[in-house]
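Please read it alongside the coordinates.

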Amino acid sequence: MAHDFQAERPPGRTGPCARWPAEQGETIRQIVERAGDKWSVLVIGTLENGPLRYTDLQRSIPGISQRMLTHTLRQLHRDGLVTRTAYPEVPPRVEYALTGLGATLLDAVTALIDWAGTHHDEITHNRAHYDNALS
């Protein structure tokens, strides 16, 4: 059964967060911040096709440092978006995969990445035009 959030919107509140109770605002902001972080978006998108080892993840995400990948994976694991599986082998093998909850973000993440790729040239042009106007 669909929930009608529009009917519950408090008077005077607007924007996307107005559909949710005010006491949930801080947690919602934190979740959006995590899910919308550039490294989280890229990690989630990279795990779309299945589990990957740490080094394969790092190779697949240009520009991410070891420290930032470790931090991002820990946060995604904490939020229940990614699993971490350590195998008792020598050398040790650790794989990361999306959880069911993490997979629910794939449509939004891939849409955002595709949008950025589609509009890359236009935005690059606009940035150059803006920067030149300031000079």
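The points below take up the basis of the model, the pocket, the salt bridges and the nonpolar core.

1. Basis. The model is predicted; local features need pLDDT of at least 70, side-chain atom pairs count only at pLDDT 80 or more, and totals for chains, interfaces and linings use all residues. Residues are numbered from 1 along each chain as its sequence is written, and side-chain values use heavy atoms, with hydrogens and water left out.

2. The largest pocket. Its volume is about 350 Å³. A pocket here is an open set of points on a 1 Å grid over the protein atoms alone, where a 1.4 Å probe fits, with protein on both sides within 12 Å along at least five of seven lines; lining residues have an atom within 4 Å of a point. The volume is the space filled by probe spheres set on the points, which are joined across faces, edges and corners.

3. The pocket lining. There are 14 lining residues, and Gln30, Ile31, Val32, Arg34 and Asp79 lie nearest the centre of the pocket. By class, the lining holds six nonpolar, four polar and four charged residues (nonpolar: Ala, Val, Leu, Ile, Met, Phe, Trp, Tyr, Cys and Pro; charged: Asp, Glu, Lys and Arg; polar: the others, Gly among them). Helices α1 (25-36) and α4 (66-78) each supply at least two lining residues, and α1 gives the most, with seven. Helices (H or I, at least four residues) and strands (E, at least two) are DSSP runs numbered from the N terminus.

4. Arg34 and Asp79. Which residues does Arg34 touch, not counting those up to four places away in sequence? They are Ser40, Gln75, Leu76 and Asp79 (contact: heavy atoms within 4.5 Å). With Asp79, Arg34 forms a salt bridge whose closest N and O atoms are 3.4 Å apart (a side-chain nitrogen of Lys or Arg within 4 Å of a carboxyl oxygen of Asp or Glu). Arg34 lies in helix α1 and Asp79 in the loop between α4 and β2 (82-87), so the pair ties together parts that are 45 residues apart in sequence. Arg34 counts as buried because its relative accessibility is 18%, whereas Asp79, at 34%, is partly exposed (buried: under 20% relative accessible area; exposed: over 50%; partly exposed: in between; 1.4 Å probe, protein chains only).

5. Other salt bridges. The whole structure contains six salt bridges. One joins Glu33 to Arg29 at 3.1 Å, N to O; these residues are four apart in helix α1, which means a separation of about one helical turn. Arg29 is partly exposed, at 43% relative accessibility. Glu26, Arg29 and Glu33 are linked in a network of salt bridges. Glu89 and Arg93 also pair, at 3.1 Å, N to O.

6. The largest nonpolar core. Among its 19 residues, Val43, Leu47, Leu57, Leu69, Leu73, Val82 and Tyr96 touch the most other members (core: buried Ala, Val, Leu, Ile, Met, Phe, Trp, Tyr and Cys residues joined through side-chain atoms within 4.5 Å). Helices α2 (38-46), α3 (54-60), α4 and α6 (106-118) and strand β3 (93-98) each supply at least two residues, with α2 giving the most, four.

7. Leu57 and Leu69. Leu57, in helix α3, is buried, with a relative accessible area of 0%. Beyond its neighbours within four places in sequence, Leu57 is in contact with Val43, Thr46, Leu47, Leu52, Leu69, Leu73 and Tyr96.
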